[in-house]
Amino acid sequence: MHSVVQSVTDRIIARSQATRAKYLAALDEAKANGVHRSSLSCGNLAHGFAACSPADKNTIKAFNKANIGIVTAFNDMLSAHQPYEHYPQLLKDACHEVGSVAQVAAGVPAMCDGVTQGQPGMELSLLSREVIAMSTAVGLSHNMFDGALLLGICDKIVPGLLIGALSFGHLPMLFVPAGPMKSGIPNKEKARVRQKFAQGQVDRNALLEAESKSYHSAGTCTFYGTANSNQLMLEVMGLQLPGSSFVNPDDPLREALNKTAAKQVCRLTEMGTQFTPIGEVVNEKSVVNGIVALLATGGSTNLTMHIVAAARAAGIIVNWDDFSELSDAVPLLARVYPNGHADINHFHAAGGMAFLIKELLDAGLLHEDVMTVAGPGLRRYTQEPRLIDNELVWVEGPSESLDKEVLTAVASPFQANGGLKLLKGNLGRAVIKVSAVAEAHRLVEAPAVVIDDQNKLEGLFKEGELDRDCVVVVKGQGPKAIGMPELHKLTPILGTLQDKGFKVALLTDGRMSGASGKVPAAIHLTPEALDGGLIAKVEDGDLIRVDANSGEVSLLVDEAVLASRVAQKVDLRSTSFGMGRELFAALRSNLSSPETGARCTTTIDENY
Ligand SMILES: O=C(O)[C@H](O)[C@@H](O)[C@H](O)[C@H](O)COP(=O)(O)O
Ligand code: SF4
């Protein structure tokens, strides 16, 4: 085992000892109740299966066969989730084939961050993760189920489902992915047209045409953003079937994988042969495995919050020092947009998850001794699914990458360390994704341009105010202020300035998209402006240093001057109402800091 991976794992185990023990004790108590629907009254049970067929009613009341809850995030808004429309019936039929039953326990909301990017709706995005967690619990709290199938892929949906599921950690659960859409125009071409539009060199028709050729059908968008980072994390954590993440929705393999997932979760119940509660699959080692795989591929910065929040839901305490220390030890093995030109289909074709996991296991960077939904040990995830004579089988994945420009071996990494870096300084703590930032742009020391609304940057850009070295400071974007929206809309402007040769960086207590890339962005700054963060005192012209090499984010202004300044008030009048934001006031004001996962849910013991 790599010494850093082992030492960080040991540190997390030690830090989590009390909370993890409480979580597992609660899980054991829940397990002790036996078949959960047997604790329901006849009235409860009758309501629970009133709409079932007579055969299903008999199965459900027999208590000796599994009843599986399906939690689905289907809607037509997310191209990634649209394939889920008919999944429930297919999963129910597959459970019937093994003498069990499945019922849809809940539909959970799912926001497409691509639709809300740069819009007021984005201010509900992070908050929706908590709503999804609570909605998952609403469904499973019927206590009718022996296991669950979780249908979700995108940004806040996977972490929300996982947080909700871990409140029922005594049940086995599998995630059921639907896969990426086929490749459209290259993501780099899409980004190029956006920068030309930002400069007024192409019109909206040209822009919409390029966008529509990039996002063109059902399936997950093909950049390596938060959705595909979620898939990679789930697979490496052993929460979905080996090799299931990146099979396209219309591939015959996809339906075979879905059916197998349904039958497998029945096997993992207490009535089955391999009882595997999700609260035991998610442990310190599998969480570290998820972080390592994220770092080895330059995954989404959003997971520096989502993994922390989900781990805490299982009593496991992770912080950004853990991410940063692991990142220094984990080599970068993938170049997928925004960290390169390839997309996720290309990554899959080059050897994908099987090759990545093999490389990381062989280098001692992943824990092998973990429990997964496919059985004990992570080594089985170096295999990939095949349909041979219409039978789903797993075969050993490639021993060599099939495209070394996209996916490389540990022996020849694209970068000696991983994709993420912790930044510290008098401004607080922030994270930065370095995998997509060229070496020449990793240190920026320049005067601040301060705004409190991302939409103001476009005006400054068009007036030529930004044609110089600068650190764009967008303050008042934190969780408690306006729900920590992604500021990805700024990327074409900042990218244009960088291409002009200026040294530019972004500093914010908000977030960026997992698809954001080449411009250095110090994000998730904690403490946020509304919480008394020094960012509230930054003024136009102040010198700021963002140094991804040394891990520093500092305001280079004399202490006495700063002490004499009054923090500018965060004006929330225009963002507290409208587009439903008023409904989230209580949730927003209770969000914890980004480094503790920006959660509103209390976990086993908040006194840690
Ligand atoms: O974190 C993420 O991966 C993003 O939120 C992503 O889900 C979102 O859809 C982006 O907005 C996509 O990028 P474009 O906006 O560039 O299409
Ligand atoms: S990846 Fe982003 S843009 Fe694509 S469907 Fe998911 S949330 Fe929407």
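**Exercise 1.** Identify which residues touch the most other members of the largest nonpolar core.

Solution. The largest nonpolar core has 189 residues, and Ala148, Leu149, Val292 and Ala522 touch the most other members. A nonpolar core here is a set of buried Ala, Val, Leu, Ile, Met, Phe, Trp, Tyr and Cys residues joined through C-beta atoms within 7 Å. A residue is buried if 20 or more other C-beta atoms lie within 10 Å of its own, exposed if 12 or fewer, and partly exposed in between, with C-beta atoms placed from the backbone. At least three residues of this core come from each of domain 1 (3-33 + 65-182 + 217-396) and domain 3 (420-575); the bounds come from an automatic or database domain assignment.

The model is predicted: local features need pLDDT of at least 70, side-chain atom pairs count only at pLDDT 80 or more, and totals for chains, interfaces and linings use all residues. Residues are numbered from 1 along each chain as its sequence is written, and chains are lettered from A and ligands numbered from 1 in the order in which they are written.

**Exercise 2.** List the contacts of Val292, leaving aside neighbours within four places in sequence.

Solution. Contact requires C-beta atoms, placed from the backbone, within 7 Å. By this rule Val292 is in contact with Val5, Leu326, Val330, Leu360, Leu365 and Leu366.

**Exercise 3.** Describe how domain 2 meets domain 3.

Solution. Domain 2 spans 183-216 and domain 3 spans 420-575. Their C-alpha centres lie 26 Å apart. Each of the two gives four residues to the contact. On the side of domain 2 that touches domain 3, one residue is nonpolar, two are polar and one is charged. In this classing, Ala, Val, Leu, Ile, Met, Phe, Trp, Tyr, Cys and Pro are nonpolar, Asp, Glu, Lys and Arg are charged, and the others, Gly among them, are polar.

**Exercise 4.** Characterise the shell around ligand 1.

Solution. Of the 14 residues around ligand 1 (C-beta atom, placed from the backbone, within 6 Å), Asp113, Gly114, Gly225, Thr226 and Gly514 come nearest. Helix H6 (113-116) and helix H11 (226-236) are the elements that give two or more residues; helices are DSSP runs of H or I, at least four residues, numbered from the N terminus. The shell divides into two nonpolar, nine polar and three charged residues. Domain 1 and domain 3 each supply at least three residues.

**Exercise 5.** State how much of the protein is buried.

Solution. Of the 608 residues, 58% are buried.
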